[in-house]
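Please open the model in your viewer and keep the selection panel at hand.

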Amino acid sequence: MLEHENSISRRRFMAGAAAVTGGVFLGNNAQAATIQTPMNIDALKKACRGLVVAAGEPDFHKAVYGGLWNKRQPDRAPGVVVRVADENDVIAAIRFAKENRLKVVVRGGGHNWCQPTLRNGGLLIDLTDLNKVISIDVEARRAVVQPIISNREAQKILNAKGLAFPSGHCPQVKLSGYLLGGGMAWNPSVWGSGAESVEAIELVTANGELITASERENPDYFWAARGSGSGFFGVVTRYHLKLHPLPRAIHGSTYYYSLDDAEAVGTWLGKTAASLSPSVELSLFLVEAPAELKEKAASDGGKICMVTGAAFADTPAEARLSLQPLEGCPVKCLSGSFATPLVFEQLFDASGALWPEGVRARVEATFSNSSPGEMVKVIREHMTKSPSPTTVVLFTIFTGPNIPAPLPVAAYSMSAKVYGGPWTMWWDEAGDQANTEWHHECAALLRPFNTGYYIGESDTVVRPSNAVQAFKPENWQRLADLRGKHDPDGVFFGYFDGLAPK
């Protein structure tokens, strides 16, 4: 017999840790209550300015699935969707959920690869229409924004004012889920994570109260919001951001190597990274070869090794100097370009081409202190068997003498020399089984090198232990304690409940 949904507790939140130690995972079988009477829905519709749609009503399917980035969509669905128009709608939705014993889940943009905003039953708060820039103070380098602004939109608005923000790489991703997950950013060795530039948030609590949280005010919420991802026990409606001067000279270098040389290239990059300027963002990709190199990559299943370096500098001379060491790779490249001037729009175009719209996808992004060469070695043969041309394996290698340290006031706690893993993407449903099997095998080959996972780009549905291992043990414990303190009735879905197949 299933437990009642509102009996979720700190014990169930911590149950995911059993998966790490080999125990049986027990945290994902809670089913949410369903709405009992149309009268309740009518009351909610009257209380909200935004769209309210219940199961069985016209447009319900569109409201649930229409905005999702990943086209590999599970059949989980809420009982009701509230596409809020403002903070008052959020308050009304949460209070309605409490009164009707419905669990709440929040959708910040629909890009999360494993789609934790789809739960069995409950109430889905959709933030799609909270998409405005509230204010920008150029002199103080501060901004206040609503959650549904994309990485590309944020940079475009700020760059025009000579400012920048450590946004994510995928142009379509919205700030909400990106910042809540910690924020793997552009220029990470200098700017740090996206969450590091969050100075305060405005949120609605499990009691339906609108509050502000910062390091000094309601610090529990502030700590949790900077990195807890889908396990956050509130609804963030505004972010107060610290901004940075726009680098005046962004330059990029790109090199293509044979897949046979990827191990040697990765080993050299791993040794060289610490001597590079921290302003260089360094990445190694295993991807489908570009058209002009397809013939040379034919014997490797069409796959090739690509190395990119992006320098975020003040002058072209500084950018070129920072990128110059990449010209010294002892392995001869098939083709390359050095220190091409770029702007953020071009960076997003290139990133968007690697992670295109409309795909079916699986992902497992991890942290490691191993040599990229060692990791490439174990998956080199497997890459040649990839059933999809859109498969990407990325290793971002942090540069400079120091690895970015975990934030002192944040749930986000992963830190390592290398970040990456398989992003397996394909176009047709007919390819689901073959690509899924390939993806899981690739992830398994890399798993011995892992030191942790990234909560925003890891499949915490198929592998719940990934959520546990996205945090230091003491941070995971503190998240459980804070959930018990600030959401004792379990108003919000946790990491694991409501995800079991129907």
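**Stop one: a helix pair**

The crossing of helix 13 and helix 14 is right-handed, that is, the near helix is turned clockwise from the far one by less than a right angle. This is a predicted model, in which local features need pLDDT of at least 70, side-chain atom pairs count only at pLDDT 80 or more, and totals for chains, interfaces and linings use all residues. Residues are numbered from 1 along each chain as its sequence is written, and side-chain values use heavy atoms, without hydrogens and water.

Select residues 372-383 for helix 13 and 432-446 for helix 14; the two pack at about 160 degrees, with axes 9 Å apart. Helix 13 is therefore roughly antiparallel to helix 14 (an angle over 145 degrees). Axes are lines fitted to C-alpha atoms over the stretch in contact, and angles run from 0 to 180 degrees between N-to-C directions. Helices are DSSP runs of H or I with at least four residues, strands runs of E with at least two, numbered from the N terminus.

Next, display Met-375, Val-378, Ile-379, His-382 and Met-383 of helix 13, which meet Trp-438, Glu-441, Cys-442, Leu-445 and Leu-446 of helix 14 (heavy atoms within 4.5 Å). By class, this contact has eight nonpolar, one polar and one charged residues.

**Stop two: the largest cavity**

Now select Val-133, Ile-136, Ala-143 and Phe-165, which are among the residues lining the largest cavity (lining residues have an atom within 4 Å of a point). Helix 6 supplies the largest share of this lining, three residues. The lining comprises twelve nonpolar, no polar and no charged residues.

Conventions. 1 Å grid on protein atoms, 1.4 Å probe; cavity = no way out; pocket = protein on both sides within 12 Å on 5 of 7 lines; lining within 4 Å. Nonpolar A, V, L, I, M, F, W, Y, C, P; charged D, E, K, R; others polar. Parallel < 35°, antiparallel > 145°, perpendicular 65-115°, else oblique.
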